[in-house]
Structure formats: C-alpha cells, structure tokens
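Hi everyone, thanks for coming along.

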Amino acid sequence: MGYGKGAGLYFLFAIIGAYCGLLIWRLFMDLNSKTHPVRTFADLAFRLWGKPGKIIVTILHSLYLLLVVALLLLTSAQSLSQIIKNKFCFIALLVFFSVFGALVLAQIKSLKHYSKLSLISVIVIIIGCIIGMVGAVQYPPNYKAAWKQNDEPEGPVRVVASIGGQDQIIGMLNAVYSFAGALLFPEILAEMANPWDFWKGALLSQAVIFCVYIFFGIFMYSHQGQFSINPSGQSISDYKLQSACNVITILAAIIAAGMFSNISIKVLWQNIVMDIFKGPSLTSRTGRISWSGSTIVYWIIAFTVAAAIPQLSAITALAAALCALQFTYSFPALMTVTLQMHKDALIGDGEFDRKTDSCMKQDTWKQKSRWVRGFAGHWKWNVWHIILGFLAIVLAIVGVVGSIVDIVDTFNSEGAPTSFSCSSPV
C-alpha cells in the first residue's frame, strides 16, 4: 500500500478494531449469565439473532479457522522447501505436514496443553522479526522468491508513498488479518475470573500489535520495497538467516495450526452436531471415535485448499474478507445495535410478574411502534453502528472479489506455481 496509505489505514483499522473489541466486551457482560453462559461468538449470535444467526456465525467461524489452518500448512511447507533448497516435491511437503496435523496435533483435545506453547510461539516470532530485520539490512532481497510470488523482476529497490489498484486491496486485507483475534474474545472472556478487567488487556494487546507490526512493516518495506514477500523471513537472500527465520516460522505455524484446528472442530461439533442434530458428546465413546474421524477429514480439506491455492497473501486476504472483517468489525457493531434496540423497546412494556414469569408487552416486533421505540432511544449510536457494520460488509464484498481476481492473475503470471504442483511458490 506504500508508506502513507499503508500506515494510515493500519492505524485506522487498529483504532476501530480496539473500539469493536470493547463492544464485544460489553455484549458479553450484558448477555452472559450462570444460567445461559456465553462461551463463543455463536452464543452471542444465538441470544440476539436466534438459531439462524448462530448457524451463520458458526459456519463463518469454522470456515475462517479452516482457511487459517490451510494458510499455516502452506507457510510450513514453503518454509521447509526453502530450507532444503527446493530439493523435494512441494506437494509432498504439504502432505507431510497434513498427516502430522491429523495424526499428532488433532489428538491433543485440551487447549490447556497449548497455553505454554503459545507463549513460546510469541517469543520465537519476535526473535524471528529481529533476525528478519538484521537480514534485510545486511543482505539484498530474495529476487527469486519475489519473482515467483509477486512476478517482480530483479532491479533496484523502490519505495513509494501510495500504491493503488489490486495490490492496495490485498495489502489492506492483510492488515485486517492482524486484528482478527477478536474472533476468540468471547472464549477468552468466558475463561477469565474477572471479565470486567478484560478491557485493559484488550487495549494493551491492540497497542502492542500496532506498534510492533507498524515498525516491522515500515522497516522491511524501507529495505526491500517491492521485493517484500509473505512471510517476510523468506525475502532474505542470506541462506543461514533465511533458514533461522524458516525454522521459527514452522514452529510457530505448527503450534497455531494445532490450536486453531482444535477450536474449529469443537465449535462445529458443539454448535452444529450436538445442538442442532443432537449428536453425541465428545466425552462419550461414540463422540471420541467421531472426533478422530472428523479431524482426518478436516485436515484433508485444509490440505486441499493449501495445495489448490499456493498463494499466502491471497489466502490471507480471502480469509480476512470472508470472515475476519465480520468478527472484528461488522458483527460487533450490528450486534450492539440489536441489543440496544431490544433494551430500549422494553421501556414501554409492563413490569415483570414473578408469578407468571413474564411481563405484559405493549407491542411486538411485528408492529412499527416497537421498531421506532427501540431505534429512537439511542438513535445516534444506532446509526453510527449500522454505518460501521455495513461499511465492513461492503469492504468484505470488495475484498472477496479482489482476492479471487488476484488469485486468477497470479496463476496467469509467468513465475507463479500451479495447483497441486511439485514446484515451490518461493
């Protein structure tokens, strides 16, 4: 996106992302209870939009995590391919990591085992960023990888203030992807002893993410310009530093893939299999057998996506447009409007009767008067949240179209690898 537009849009996404994170926190505090606990985003959707909303959110939740797992598979295979200098068939490396995920990672059912590993992952990622910056300063870009991934011929490094067109859309969606952690906010809140303190950690983490990534992004772009690729460690031409970054990338990707696949399958199982189709619990014998089978199917689908679209930035952009934008921006805003309208519509109803366990309603949602009363109570905030929610949806539509166009253009470019190919993307 260039210096100016990139930094400006990233700052905007960070501010609005932090605001929407606080909206999720308020939704959780208003809707969570001991009788009806909120555990996932799907629970919030069910309270506000009923069963159809729960199904839509669950599908998008699982689809997003599936795309992320496919992205991590591709990242791991691409990193290992660079380490061994492309001396092994790339599709075979994807198969290796997929089998490892299905037979080893998927069998770790408790997220508690990932807590310490996640901390290690954060530390090694920061170390990887430092190694990447050292390599960018000391050595020229990896021209071969840039040619394969971005169809960029070798030449002098160029940096600009602003980039338009298709590259701008892909860059913008990759920026959105860095704030996609809002997807797991309800799960984090449900595990906290004192959820009232969540806002402190949310704002602090948002500030850290923004500062680290904005500095790292500007630094790498300043030294590598149009030859910057994803992941950034693979754009280093020195083999030793490049390999160190790739080892770190593989370690972090394996930990993240195991955790996300675990969450994705559990969300699908609890909200679709158990709640809708009344399937067996995961603690039962039938449930455990079904879990093993479903994990194999899950990793086969993730492998198929990664092998069919061996383009890291394109998959990242597609995942951000289809799902991350909704969970980070549109869903929190539109859910807040829904809850506020329900609250304000109650003002005209009678008092709660403990004997009948009900209250006398003045009107219903089939009547215009209830809609008017519900919307008018806080109409300025409602208008703002509706605009925010629909702007995110419009951006998502543009992003999906842009991602698909970018995938097609990349496949048609001269240096790009093909689907299910032995040739490495870098």
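Let me start with a term: on a 1 Å grid over the protein atoms alone, a cavity is a set of points where a 1.4 Å probe fits but cannot get out, while a pocket is an open set with protein on both sides within 12 Å along at least five of seven lines. Lining residues have an atom within 4 Å of a point. Grid points are joined across faces, edges and corners, and a volume is the space filled by probe spheres set on the points.

Now the ground rules. This is a predicted model, where local features need pLDDT of at least 70, side-chain atom pairs count only at pLDDT 80 or more, and totals for chains, interfaces and linings use all residues. Residues are numbered from 1 along each chain as its sequence is written, and side-chain values use heavy atoms, with hydrogens and water left out.

How confident is the predictor? pLDDT is its confidence in each residue, from 0 to 100. The protein chain has a mean pLDDT of 83, with 94% of its residues at 70 or more. Helices (H or I, at least four residues) and strands (E, at least two) are DSSP runs, numbered from the N terminus.

Helix 2, helix 3 (90-103) and helix 9 (239-274) each supply at least two of the lining residues. For classes, Ala, Val, Leu, Ile, Met, Phe, Trp, Tyr, Cys and Pro count as nonpolar, Asp, Glu, Lys and Arg as charged, and the others, Gly among them, as polar. On that scheme the lining of the largest cavity has 9 nonpolar residues, 1 polar and no charged.

Next, please look at the second largest pocket, with a volume of about 280 Å³. Of its 13 lining residues, Leu-23, Arg-26, Thr-336, Gln-340 and His-385 lie nearest the centre. Two or more residues come from each of helix 1 (3-31), helix 11 and helix 13 (379-412), and helix 1 gives the most, with 5. By class, this lining divides into 5 nonpolar, 5 polar and 3 charged residues.

On to packing. Axes are lines fitted to C-alpha atoms, for helices over the stretch in contact, and angles run from 0 to 180 degrees between N-to-C directions. Angles under 35 degrees count as roughly parallel, over 145 as roughly antiparallel, 65 to 115 as roughly perpendicular and the rest as oblique. A crossing is left-handed if the near helix is turned anticlockwise from the far one by less than a right angle, and right-handed if clockwise.

Helix 2 (residues 41-83) and helix 11 (residues 312-345) have axes that come within 10 Å and cross at roughly 160 degrees, so the two are roughly antiparallel. Their contact has 24 nonpolar, 7 polar and no charged residues, and the crossing is left-handed.

Helix 3 and helix 10 (residues 285-308) come within 9 Å, axis to axis, crossing at roughly 155 degrees, which means helix 3 is roughly antiparallel to helix 10. This crossing is right-handed.

One last stop, at the backbone. Most residues other than glycine have a negative phi. Lys-85, however, has a positive phi near 55 degrees, and Asn-86 has a positive phi of about 55 degrees. Where do you find Lys-85? Lys-85 lies in the loop between helix 2 and helix 3, and Asn-86 is placed in the loop between helix 2 and helix 3 too. Thanks, everyone!

Terms used:
pLDDT is the predictor's confidence in each residue, from 0 to 100.
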